[in-house]
Amino acid sequence: MASNSFGEVFRVTTWGESHGPAIGCVIDGAPPRIALSEGDIQHDLDRRRPGTSRHTTQRREPDAVEILSGVFEGETTGTPISLVIHNEDQRSKDYGEIKDRYRPGHADYTYDAKYGIRDYRGGGRSSARETAMRVAAGAVARKVLSRRLGNAFSVRGALVQVGPHAIDRERWDWDQVDKNDFFSPDPVAAEGWADFLDQVRKDGSSAGAVVEVVAAGVPAGLGEPIYGKLDGDLAAAMMSINAVKGVEIGAGFAAAAMPGHSSSDPMRIEGGKPVFLSNHAGGVLGGISSGQDVVVRFVVKPTSSILTPRPSIDRFGAEVEVITKGRHDPCVGIRAVPVGEAMMACVLLDHLMRHEAQNGPIDRP
């Protein structure tokens with residue numbers, strides 16, 4: 001009941017702390033005979049890895065993943081897959097001054113209030129370091145989904161806003177996402193973000209961001225009304241990512257300003273198959289996938305670890321000022337892109353396996 005696991009059929013449990021010896025996960029429910037190697041997982045981890053540009057934390061972690069179980073002769077066995085990443089660049093001394101102080105915006109106070117003890121080194125269990133294992137699990141989920149759904153299936157994420165600066169959607173180009181430091185589909189916006197974050201860092205502050213994740217090739221029929229809706233589980237998955245404070249599906253909050261004749265997605269028949277003329281619903285209707293792209297956006301708040309002094313209290317009740325030293329992301333939303341992709345993949349695979357358990361094999365799009 002400690003909520004370190006998610007998923008029902010494809011189930012992932014993560015463990016470890018930011019400055020502990022290692023972090024890891026156990027994946028239960030992965031089907032057998034899926035080709036899987038550490039290299040398949042490493043590719044996704046390298047996209048999330050810290051220290052890859054001046055705009056992310058300078059903590060140097062290779063994030064080299066090791067498969068401990070569940071794979072034999074290059075294929076999954078159907079038994080639990082255990083993965084581990086050893087932490088190599090902890091600098092716990094950076095946190096000695098705040099071991100009794102609560103950092104504003106962090107989970108220091110709430111962890112102390114709940115457990116009466118907390119690992120103050122880098123945030124311990126509440127650190128975004130944990131998300132590396134979500135990305136590892138997501139890489140496994142993608143392998144299974146690609147096998148089940150074919151080459152038409154994909155999960156892609158992009159950063160669409162940093163601070164107040166949003167992309168121009170007329171310049172959206174998926175091919176640009178892995179060609180800049182920001183996973184931006186708009187190269188012009190990426191150039192502006194670089195200058196913006198350089199100034200934010202100089203000011204001793206941080207910035208928030210918006211991430212968009214799109215899954216294509218998702219068949220119609222995934223999702224379980226009423227309490228197992230696909231969009232409900234996707235929202236919960238994205239909200240579970242560190243520093244995420246809001247989620248929207250499709251048009252999301254913008255739907256409030258739309259008239260009904262615009263927000264509903266008209267349908268027609270082409271080639272004997274139903275087609276939608278728009279996708280304001282984000283590929284989910286009534287909690288069930290419609291066969292369109294599944295579109296999710298989430299907002300990541302500004303990194304709470306900043307050099308600007310902030311008023312707070314300590315665990316003894318004294319009022320103090322807190323300056324967070326160490327190596328931190330000026331915009332944690334950048335590295336949240338592959339994390340969002342991973343959570344999308346895990347939720348979709350879990351729902352695919354749940355659907356097939358009740359209804360049998362699903363038709364590919």
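Angles under 35 degrees count as roughly parallel, over 145 as roughly antiparallel, 65 to 115 as roughly perpendicular and the rest as oblique. Axes are lines fitted to C-alpha atoms, for helices over the stretch in contact, and the angles run from 0 to 180 degrees between N-to-C directions. Helices (H or I, at least four residues) and strands (E, at least two) are DSSP runs, numbered from the N terminus.

The model on display is predicted, so that local features need pLDDT of at least 70 and side-chain atom pairs count only at pLDDT 80 or more, whereas totals for chains, interfaces and linings use all residues. Residues are numbered from 1 along each chain as its sequence is written, and side-chain values use heavy atoms, with hydrogens and water left out.

**Stop 1: helices H3 and H7**

Select H3 together with helix H7 (residues 336–359); their axes come within 7 Å and cross at roughly 45°. The two helices are therefore oblique to each other. H3 passes H7 in a left-handed crossing; the term applies if the near helix is turned anticlockwise from the far one by less than a right angle, and right-handed if clockwise. Contact here means heavy atoms within 4.5 Å. On the H3 side, the residues in contact include Val-135, Gly-138, Ala-141 and Leu-145, and on the H7 side they include Ala-342, Cys-346, Leu-349 and Leu-352. By class, this contact has 15 nonpolar, two polar and five charged residues. Ala, Val, Leu, Ile, Met, Phe, Trp, Tyr, Cys and Pro count as nonpolar, Asp, Glu, Lys and Arg as charged, and the others, Gly among them, as polar.

**Stop 2: helices H1 and H3**

H1 passes H3 in a right-handed crossing. Among the residues that meet are Ile-41, Leu-45 and Arg-48 in H1, and Ala-132, Val-135 and Ala-139 in H3. The residues of this contact divide into seven nonpolar, one polar and six charged.

**Stop 3: the sheet E1-E2-E3-E7-E4**

Next, display the open sheet of five strands in the order E1-E2-E3-E7-E4, with antiparallel pairing. Strand E1 (5–6) and strand E4 (65–69) stand at the edges with a single partner strand each, so one side of each is left without a neighbour in the sheet. Two strands pair if DSSP finds at least two bridges between them. Antiparallel strands E2 (residues 11–16) and E3 (residues 22–28) are joined by six bridges, and Gly-16 has Ile-23 in E3 as its bridge partner. H3 packs on this sheet, touching E2, E3 and E7, and its direction makes about 35° with that of E3. H1 lies across E4 and E7, running at about 140° to E4.

**Stop 4**

Most residues other than glycine have a negative phi, and most peptide bonds are trans. Select Arg-33, in the loop between E3 and H1: its phi is positive, about 65°, although it is not a glycine. Asp-63, in the loop between H1 and E4, has a positive phi of about 50° and is not a glycine either. Arg-33 is exposed, with a relative accessible area of 53%, whereas Asp-63 is buried at 0%. Buried means under 20% relative accessible area, exposed over 50%, and partly exposed in between (1.4 Å probe, protein chains only).

**Stop 5: the sheet E9-E8-E10-E16-E11**

Move to the open sheet of five strands ordered E9-E8-E10-E16-E11, where the pairing is antiparallel. Its edge strands are E9 (165–166) and E11 (244–249), each pairing on one side only. Five bridges join E11 to strand E16 (residues 294–300); Glu-248 has Arg-297 in E16 as its bridge partner. Helix H4 (residues 187–202) lies across strand E8 (154–162) and E9, at about 55° to E8. Helix H5 (residues 230–239) lies across E11 and E16, running at about 155° to E11. In the loop between strand E10 (209–216) and H5, select Ile-226; a cis peptide bond joins Pro-225 to Ile-226, with omega about 5°.

**Stop 6: the E17–E18 hairpin**

Finish at E17 (residues 310–313) and E18, which pair in the antiparallel sense over four bridges. The hairpin has five residues between its strands, and Gly-317 in the turn has a positive phi of about 95°. In E18 (residues 319–322), Val-320 and Val-322 form the covered face, and Glu-319 and Glu-321 the uncovered one.
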